[in-house]
Amino acid sequence: DVELVKQGATWRIVRPVEQRAESNAVESLVKSLHDYDYTKVVAESRERWAEFGVQDAQHSISLTYGDGKDDIVTVLVGNKAPVGYSAYLRTTQSDKVYIGSQHILMAVAKTLFDFRDKTVATVEERSLKSIVYKRDGQAPIELARVDGKWRIEKPTALEADDAEIKDLIDEVSQVRAAAFVDVPDKALVHGLTHPAIELQWTNDKGEATSFRIAGHEGKFYAAFDPTKLAFQMPDEFYAKVEKDLTALRNRRVLHMDSLDLTQVDVDGESYKNVGGNWYKAAEAAKADKKEVNHLRALVVDLEFARTDRFFALDSAEAK
């Protein structure tokens, strides 16, 4: 059984667990019941309830209005009709048995998981002041937000890739739980206490959060407090948040804006930017000049070029 209570404009599950509810899922169920029209009455008395499967119905939804327990209406959905796309149902407002569209069965066939809010974490990138990224086998990466830009402070001071940091935060904020583990076993608790990845962030109010990710029995799980609740994550989640120092630092090869360029020389040939279009320099002043489209693509490629690896100048690779 699942019991939900409306608190203000949102819904919360109060039984069998205390958790946030997916308000849209609850409202959808209520709307389906509210808008449902039966086709006809097939029985007038309770003697035939068992015949239509509405005496001990498989699905029972009790709706409480206001604060009084007297304002309760229960809808009981019974068997499918033997012919046609129909189902039987009754309410506690009368002894009658109704028949109507079978879509009522799909509307009420819900589980606890259907009603749970699948949001794992809510992180606002603009409110963050610092992030510590820890991954098993590598040195912790400490990032700080300074004047709206991210910088890597440790293990060495580097300019960070703001887009990469935002993507990482978005992956955590937008991921939806594949399942919930309300009572994690000892093995899972141990794994999440010694996680493969741990993200620690602090917001502008000084509030600190620790988010742990670990593998367990072929699946990936995440938790804030491993002893209380674990989230089973989508299979592809781990690969999306698995980062190293190179991935998080600014990997731009050239710091430039292609729109600001006025001239580019390529292998001895000069090209000029005229009003955002590229032409051979020798023809740039002509009225019938022909645009060189590959130059536009080239300068954009150069602007957004990212390196895959960095080498120290005295390294064997660089030499």
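This is a predicted model: local features need pLDDT of at least 70, side-chain atom pairs count only at pLDDT 80 or more; totals for chains, interfaces and linings use all residues.
Reader: Which residues of helix H6 are buried, and on how wide an arc do they lie around the axis?

Author: Within H6, which spans residues 186-193, the buried residues are Leu188, Val189, Gly191 and Leu192. They are on the same side of H6, because the arc that they cover around the axis is only 160°.

Reader: Which element supplies the largest share of the largest nonpolar core?

Author: This core has 32 residues, and Ile131, Val172 and Phe211 are those with the most contacts inside it. Among the elements that each supply at least two of its residues are strand E9 (128-135), helix H5 (162-174) and strand E15 (208-216). The largest share, four residues, comes from H5.

Reader: How many of the residues lining the largest pocket are nonpolar?

Author: The largest pocket, with a volume of about 1,300 Å³, is lined by 36 residues, and the closest to its centre are Leu29, Leu33, Ile61, Ser62 and Leu63. Elements giving two or more residues to this lining include helix H1 (23-35) and strand E5 (59-64). The lining divides into six charged, nine polar and 21 nonpolar residues.

Note on methods. Residues are numbered from 1 along each chain as its sequence is written. Side-chain values use heavy atoms; hydrogens and water are left out. A nonpolar core is a set of buried Ala, Val, Leu, Ile, Met, Phe, Trp, Tyr and Cys residues joined through side-chain atoms within 4.5 Å. Buried means under 20% relative accessible area, exposed over 50%, partly exposed in between (1.4 Å probe, protein chains only). The arc is that of the directions from the helix axis to the C-beta atoms. On a 1 Å grid over the protein atoms alone, a cavity is a set of points where a 1.4 Å probe fits but cannot get out, and a pocket is an open set with protein on both sides within 12 Å along at least five of seven lines; lining residues have an atom within 4 Å of a point. Grid points are joined across faces, edges and corners, and a volume is the space filled by probe spheres set on the points. Ala, Val, Leu, Ile, Met, Phe, Trp, Tyr, Cys and Pro count as nonpolar, Asp, Glu, Lys and Arg as charged, and the others, Gly among them, as polar.
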